[in-house]
Amino acid sequence: MGGRRSARVLLVDARERLLLFLLPGENGAPTVWMTPGGGVRRRESLAAAAARELWEETGLRVAPEALGASVAWTGGHADLGWRSGYFEDHFFFHRVTAHTVDPAHREPHEELALARHRWWPAAELATTAEPLTPRGLSPLLTDLLAGRRPPVPTRLPWHH
């Protein structure tokens, strides 16, 4: 089965904390902290997918156009057990004053996978030993928080 395109959101609150979910590893893979987001459906734009996934996983409704343009992407080949091939992750940046994660709209397969979340202080992302994805997240977030949006999406290192 072929790979997958995903749309993800770097969701930051007024305290400059990034929302990440702890995704348990499958087939012996380690757990990893990752941004909200998921697969792009057929004929769905990246921004629409990012907004839909944000709603499903966090309960936050955001219009696709409010996300603006993608700020980063990463891609490469992987065999994840449930799917193999070429994968691409596209990242959007969105700020909120505050948000309480509401899991009520998650799909059944997301219930267990997204059971734990944490708002990470931006400064802590650069020094943590915890596994984070995507790689290169801390410098990208530092630039975004300082108001420096890349003119074209930044290419991040592939993490598989």
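Author: In this predicted model, helix 1 covers residues 46-58, and its 13 residues reach 18 Å from the first C-alpha to the last.

Reader: How do you know that the span of helix 1 is close to what is expected?

Author: The expected span is 1.5 Å times one less than the number of residues. For the 13 residues of helix 1 this comes to 18 Å, and the helix reaches 18 Å.

Reader: Why is helix 1 called largely enclosed?

Author: A residue counts as buried when its relative accessible area is under 20%. Ten of the 13 residues of helix 1 are buried, so the helix is largely enclosed by the rest of the structure. Among them are Ala47, Ala49, Ala50 and Ala51, together with the charged residues Arg52, Glu53, Glu56 and Glu57. Just after helix 1, Gly59 takes a positive phi of about 80 degrees.

Reader: What makes a group of residues here a nonpolar core?

Author: Its members must be buried residues of the nonpolar kinds, joined through side-chain atoms within 4.5 Å. The largest such core has 20 residues, and Leu10, Leu18, Leu20, Val71, Phe93, Leu125 and Leu141 touch the most other members. Strand 1, strand 2, strand 6, helix 3 and helix 4 each give two or more residues to this core, and the largest share, five residues, comes from helix 4.

Reader: Which residues does Val71 touch?

Author: Beyond four places away in sequence, its contacts include Leu10, Phe91, Phe92, Phe93, Leu140 and Leu144. A second, separate core of 18 residues includes Leu11, Ala50, Leu114 and Trp119.

Reader: How much of the chain counts as buried?

Author: Of its 160 residues, 47% count as buried. The chain exposes about 8,300 Å², of which carbon and sulfur atoms supply 55%.

Definitions and conventions:
Residues numbered from 1 in each chain as written. Predicted model: local features only at pLDDT ≥ 70, side-chain atom pairs only at ≥ 80, totals over all residues. Heavy atoms only, no water. Buried < 20%, exposed > 50% of the residue type's maximum accessible area, 1.4 Å probe, protein only. Helix = DSSP H or I, 4+ residues; strand = E, 2+ residues; numbered from the N terminus. Contact = heavy atoms within 4.5 Å. Areas by Shrake-Rupley, 256 points an atom, 1.4 Å probe, with all protein chains shown as cover.
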